[in-house]
Amino acid sequence: MNQPVSPDSPALIQIISSLMPQWSPESVIVEAHLPGGYAHANYRVRYGEFRFVLRTPSVTPDRDELAFESRWLTSLPPDIGAPTMAFDATTGALLSAWIDAPLLAHTPATPPELVTYLVALHRRLPAAKRRYDLTSRVGKWLAGARLQGRAGRVVKRARERAAAHQPGNDWPLQTTHNDLNPLNILCAADGWRTLDWEWVGDNDPLFDLVALGLGVQVDHSTLAEMARDYVEQTGQAQRLVSDRLEHTTCAYWLREYAWAEHELCSGNDRLEVEAQRNDALSMLSRL
């Protein structure tokens, strides 16, 4: 159900009732579809005087991934993300508390503010106890894709470059979010909150910095300065920053392309998913 439906759809009430059986269905109001979700459709829900966010299930849920997400949400300190009200580990339906704050996508932020947020986030994350294996994920997503011509050549080169270095061998490895786009960050007055933890796992922390910086559309020189600032604040080696940044930028755009290609082939043919695939391929061709 990752395609949005009308907020008055009975299917949404059914999902909410399965998550919160103690609620009276007649008192549940689905106020609006929330734009921005690519893998899932999200809705603002009201029950009594309180608001919540409903994430509807994916068409093809991965049970192992959902089991991990359920454990992770339980371990995550509540002031890092949005408090979880209910989670269905068989479908992926999720009900979270509503946080009345603007998204980073709609809030100006300076590069130093972005780095400060990321350093603080990484310092507080619990151990994920799993690897974010980008090579494996890309291989799985592109297994059924028929890439030919220019697209095939560009993606083949990017996969070779991404596989040339592995975090943990060539650079640091730690718990990272791995999808820090500006639609997943709420700029609350009492501290930014981070959403959508489906891809959390051990990775080069600069992958989060690249996703964050490119998500707010900083230029390459600014991204490089953010990387130097980040490694200085975290005590990492400056001598590898340029190589790490080049590698993680390629890996990021490859991930964005492979995921979008897989989603389109699976029927998630939303315009924003198609735009992501095309933009990522364009960026990979320039690297």
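1. Glutamine 217 has a positive phi of about 65 degrees. The residue sits just after H6. Bear in mind that this is a predicted model.

2. H6 itself covers residues 206-215. Eight of its ten residues are buried, so H6 is largely enclosed by the rest of the structure. The buried set is Leu206, Phe207, Asp208, Leu209, Val210, Ala211, Leu212 and Gly213.

3. H6 packs against H3, which spans residues 111-124. Two packed helices are described by the angle between their axes and the distance between the axes. For H3 and H6 the angle is about 145 degrees, and the axes lie 11 Å apart. Their crossing is right-handed.

4. Which residues make the contact between H3 and H6? H3 contributes Leu114, Val115, Tyr117, Leu118 and His122. H6 contributes Asp208, Leu209 and Leu212. By class, the contact has six nonpolar residues, one polar and one charged.

5. Now the loop between H3 and H4 (134-141), where alanine 128 is found. Is alanine 128 buried or exposed? Its relative accessibility is 6%, and buried means under 20%, so alanine 128 counts as buried.

6. Leaving aside residues up to four places away in sequence, alanine 128 touches Phe68, Trp72, Thr175, Gly201 and Asp202. Leucine 103 is 25 residues from alanine 128 in sequence. In space, the two are 25 Å apart, C-alpha to C-alpha.

Definitions and conventions: Residues numbered from 1 in each chain as written. Predicted model: local features only at pLDDT ≥ 70, side-chain atom pairs only at ≥ 80, totals over all residues. Heavy atoms only, no water. Axes fitted to C-alpha atoms, helices over the stretch in contact; angles between N-to-C directions. Helix = DSSP H or I, 4+ residues; strand = E, 2+ residues; numbered from the N terminus. Left-handed = near helix turned anticlockwise from the far one by under 90°. Contact = heavy atoms within 4.5 Å. Nonpolar A, V, L, I, M, F, W, Y, C, P; charged D, E, K, R; others polar. Buried < 20%, exposed > 50% of the residue type's maximum accessible area, 1.4 Å probe, protein only.
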